[in-house]
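Subject: Structure for your review

Dear colleague,

Please find below the structure that I am handing over to you. My notes on what was found in it follow directly after.

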Amino acid sequence: MELTNEKILRKQSKLVRSIASVIMIVLMTATSELLNEKEIIFPEIAALVIGAWFVDRQPWRVNRIKLVILMSLSAIVGISIVRFVPLPMFWQVAIGFAFAGVSLTVSKTTLVPMISACILPIYLRTTTIIYPISVFTMVLIITLVQKLFEAGNYIEQVSYQPVDMSFREGLFYYGKRILVFLILAWWPIHKGQLYVIAPPLIVTFIEFTNVKAKLRVQYTKIIVIVGIAAVIGTISRLYLYESQGVSLTVCTLLIVISMLLFFSFYNISFPPAGAIGMLPLILKLEGLIYYPILVVLGCLILVAAAMICFREEIKV
């Protein structure tokens with residue numbers, strides 16, 4: 001009887017967190033449409049909501065204060081690079097990635113979504129201050145609601161344990177990953193095929209370089225989920241929004257619900273897939289039809305590179 005009650009409580013908890021996740025992400029898009037400010041839509045928020053609310057245990061080693069600071073700082077640095085660093089995009093991406101690596105090392109966290117927050121404005125050439133304000137506001141809301149969920153025993157308490165890695169070790173750790181990524185990214189950036197190295201895929205690459213990560217043995221499922229997310233996001237934008245006149249808010253509702261259902265069906269939650277699904281909503285129409293193919297191609301390349309090039313034991 002107690003076991004049955006426990007299962008019922010778990011299901012109720014999952015339902016509450018699922019509904020809250022959908023509402024949060026949909027409100028982001030609704031606010032963007034209401035204010036006519038596209039920069040408010042930050043796809044990585046979907047990943048953060050999934051990681052902080054939907055899953056039972058937060059996957060990143062970071063406390064709430066650092067989460068808000070690192071994500072907000074990354075957004076500011078991202079638009080600052082576009083504004084004040086007159087270099088080709090390849091070197092801007094290198095600088096943004098290096099900043100994220102140093103920040104993760106100094107903060108002793110594993111909040112890899114901050115990489116996406118820094119790289120996305122470089123790809124999209126975003127310079128408006130609305131972007132970091134939006135990121136700060138939404139991440140703050142995520143942390144406050146996460147605290148409420150913890151108080152109500154809906155999710156496990158976030159027990160932050162700083163990463164046991166010296167500054168020198170951290171620079172070497174992220175330096176190797178940046179080098180491998182830049183080698184792989186040169187051609188896509190040079191040819192303008194940025195979907196192959198979309199920011200959520202960079203996060204995926206970093207996640208897969210951790211040899212202790214359980215997702216490495218589920219790489220097939222991860223690639224399938226990423227592909228499904230890309231297809232759903234692209235159809236929502238091209239068919240529902242552009243062709244049928246459905247609002248982006250409704251498209252977001254469809255994307256998020258679909259992703260959460262797929263997570264439940266495959267019994268695996270992969271936050272970057274949520275961001276992959278949301279990204280088409282803010283991309284240019286030109287070439288968007290090829291987004292799913294290029295995303296899957298990029299995922300295959302980056303996952304393979306991560307698993308082949310990084311096999312050593314690490315501390316994170």
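Arg 237 and Glu 242 meet through their side chains in a salt bridge, with 2.9 Å from N to O; the term stands for a side-chain nitrogen of Lys or Arg within 4 Å of a carboxyl oxygen of Asp or Glu. Arg 237 is buried at a relative accessible area of 5%, whereas Glu 242 is partly exposed at 36%. Here buried means under 20% relative accessible area, exposed means over 50%, and partly exposed lies in between (1.4 Å probe, protein chains only).

Please note that this is a predicted model, in which local features need pLDDT of at least 70 and side-chain atom pairs count only at pLDDT 80 or more, while totals for chains, interfaces and linings use all residues. Residues are numbered from 1 along each chain as its sequence is written, and side-chain values use heavy atoms, with hydrogens and water left out.

The structure holds three salt bridges. One of them joins the side chains of Arg 17 and Asp 56 at 2.8 Å, N to O. Arg 17 belongs to helix 1 and Asp 56 to the loop between helix 2 (44-54) and helix 3 (64-84), so this pair ties together parts that are 39 residues apart in sequence. Helices are DSSP runs (H or I, at least four residues), numbered from the N terminus. Arg 17 is buried, with 2% relative accessibility, while Asp 56 is partly exposed at 44%.

Arg 64 also forms a salt bridge, its partner being Glu 150, and the closest N and O atoms are 3.1 Å apart. Because Arg 64 lies in helix 3 and Glu 150 in helix 6 (residues 130-151), the pair ties together parts that are 86 residues apart in sequence. Glu 150 is buried at 3%; Arg 64, at 23%, counts as partly exposed.

Neighbours within four places in sequence aside, Met 71 is in contact (heavy atoms within 4.5 Å) with residues including Phe 42, Leu 48, Leu 111 and Val 139. In soluble globular proteins, nonpolar side chains tend to be buried together.

Yours sincerely

Methods: Helix = DSSP H or I, 4+ residues; strand = E, 2+ residues; numbered from the N terminus.
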